[in-house]
Amino acid sequence: MLNKLKHAVFRLYRNSEIKKHELRYLFWECTLRCNLNCLHCGSDCLASSEVPDMPLSDFVHVLDDVKAKNPYKNLTVCITGGEPLLRNDLEKAGLEIKKRGFRWGIVTNALVLTPQRFISLLNAGLSSISFSIDGFEKEHNHLRQNPHSFEKVFEAIKMVVDFQKQFPKRLNFDVITCVHQGNFGILREFRDFLIQNGVSNWRIFSIFPEGRAAQNNLALSNQEYRSLMDFIAETRLYKTTDGKSIHLNYSCEGWLGKYELKVRDFFFFCRGGINVASVMCDGSISACLSVRSKAFIQGNIYRESFMDVWQNRYQNMRDRRWAKTGKCAKCRQWKNCMGNGLHLHKDDKSEPDRCNFELLCN
């Protein structure tokens with residue numbers, strides 16, 4: 001009964017959020033170039049890209065538009081790619097973001113992050129940083145297809161942990177792990193490794209069939225997926241023999257039934273087009289950068305005002321009745337799930353490629 005009440009209250013909150021649709025989080029895909037060739041890449045990024053990097057001045061126009069027209073003032077900009085550190089003007093971008101009163105951060109594979117670059121980014125106002133690490137050297141380097149990747153990201157983790165010890169409130173930092181068949185078996189050992197090395201925040205993602213990931217068999221079985229949820233719930237209560245712990249959240253993907261609030265801090269809520277938007281490398285305007293279907297592209301900054309698009313479009317993200325089709329139309333969990341995450345839909349007429357709740361029930 002208590003859970004039903006919590007769900008009902010949450011649905012009222014969700015409806016309010018959809019109605020207000022305040023822009024709070026903006027992704028900038030600053031490049032599609034990448035110095036890795038990861039097996040699970042959703043964007044299929046390569047060392048060179050047919051799409052050129054977006055000039056910073058073009059994104060600054062977006063920032064000015066947001067500053068002038070967005071009522072929510074505590075916006076966070078996440079610079080990502082590709083690999084954002086391949087650009088040499090991130091510091092200039094960070095200063096432009098900070099100048100307009102916004103926070104900013106990056107998601108990086110850390111392959112080219114040096115202590116000097118880290119300090120330079122901090123001086124430009126960097127307020128958050130996330131590293132991808134997918135297990136120990138064997139597991140991580142296999143997924144990332146580079147023999148030096150683990151070494152470099154571990155060096156970066158140690159550097160940021162040391163910085164946080166000196167300046168505890170200066171920087172938000174977490175590590176991200178994509179769980180698949182190749183690293184599923186080492187998660188408990190890897191958890192202790194992260195704790196021992198001072199990592200306090202951890203996010204786990206499961207791999208979905210998009211981009212290069214669609215070409216590789218990396219998905220967990222139903223049983224493994226259930227075991228993953230049990231592991232996350234266990235870890236959120238876990239302490240080492242010397243009393244240390246790590247705060248672990250599962251990604252925002254999918255309604256999880258009885259695991260809701262046990263594996264993450266919040267109920268499932270796909271906020272794409274509701275609080276989250278992105279500017280892609282070619283100027284396309286969408287939701288988070290995992291949502292890459294043409295059906296969800298809302299416009300382009302080279303043809304129209306970003307904020308005009310935000311305020312007047314996104315209908316197929318804010319009203320998801322179109323997703324009540326196929327299995328979803330018959331599902332009793334529809335009112336909680338509303339068709340899973342947008343990134344799992346090929347278009348705005350389709351069922352999701354997978355149902356997380358179904359994985360847990362079968």
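Predicted model: local features only at pLDDT ≥ 70, side-chain atom pairs only at ≥ 80, totals over all residues.
Let's start inside. The largest nonpolar core holds 97 residues, and I79, L113, F131, M229 and F306 are the members that touch the most others. Helix 6 (residues 149-166) gives the most to this core, with 9 residues. As a general background, nonpolar side chains tend to be buried together in soluble globular proteins.

Helix 6 itself has 18 residues and spans 26 Å from its first C-alpha to its last, close to the 26 Å expected at 1.5 Å a residue. Among its buried residues are F150, V153, F154, I157, V160, V161 and F163. The buried residues of helix 6 pack against helix 4, strand 4 (128-132), helix 5 (137-144), strand 5 (172-179) and helix 7 (187-196).

N141 counts as buried because its relative accessibility is 11%, under the 20% cut-off. The side chain of N141 reaches the backbone nitrogen of F150 at 2.8 Å.

Now turn to helix 4 (residues 115-123), where R117, F118, L121 and L122 are buried. These residues lie on the same side of helix 4, because they cover an arc of only 140° around the axis. The face turned away from that buried side carries the exposed residues Q116 and N123. On the buried side, the packing partners are helix 3 (90-99), strand 3 (103-108) and helix 6. After helix 4 comes G125, with a positive phi near 100°.

A search of the whole structure finds 28 salt bridges.

| Salt bridge | N to O distance |
|---|---|
| E91 and R117 | 2.7 Å |
| E155 and K152 | 3.6 Å |
| E234 and R188 | 2.7 Å |

E91 in helix 3 and R117 in helix 4 are 26 residues apart, so this pair links distant parts of the chain, and both residues are buried. E155 and K152, by contrast, both lie in helix 6, 3 residues apart, about one turn of the helix. E155 is partly exposed, with a relative accessible area of 37%, and K152 is partly exposed at 24%. E234 in helix 8 (residues 222-235) and R188 in helix 7 tie together parts that are 46 residues apart in sequence. E234 is partly exposed at 30% relative accessibility, as is R188 at 43%. Elsewhere, salt bridges that share partners join E17, K20, E22, R24 and R271 into one network.

Key
Residues numbered from 1 in each chain as written. Heavy atoms only, no water. Core = buried A, V, L, I, M, F, W, Y, C linked by side-chain atoms within 4.5 Å. Buried < 20%, exposed > 50% of the residue type's maximum accessible area, 1.4 Å probe, protein only. Helix = DSSP H or I, 4+ residues; strand = E, 2+ residues; numbered from the N terminus. Arc of directions from axis to C-beta. Contact = heavy atoms within 4.5 Å. Expected span 1.5 Å × (residues − 1). Polar contact = N/O pair within 3.5 Å; in protein donor to acceptor, adjacent residues only side chain to side chain. Salt bridge = Lys/Arg side-chain N within 4 Å of Asp/Glu carboxyl O.
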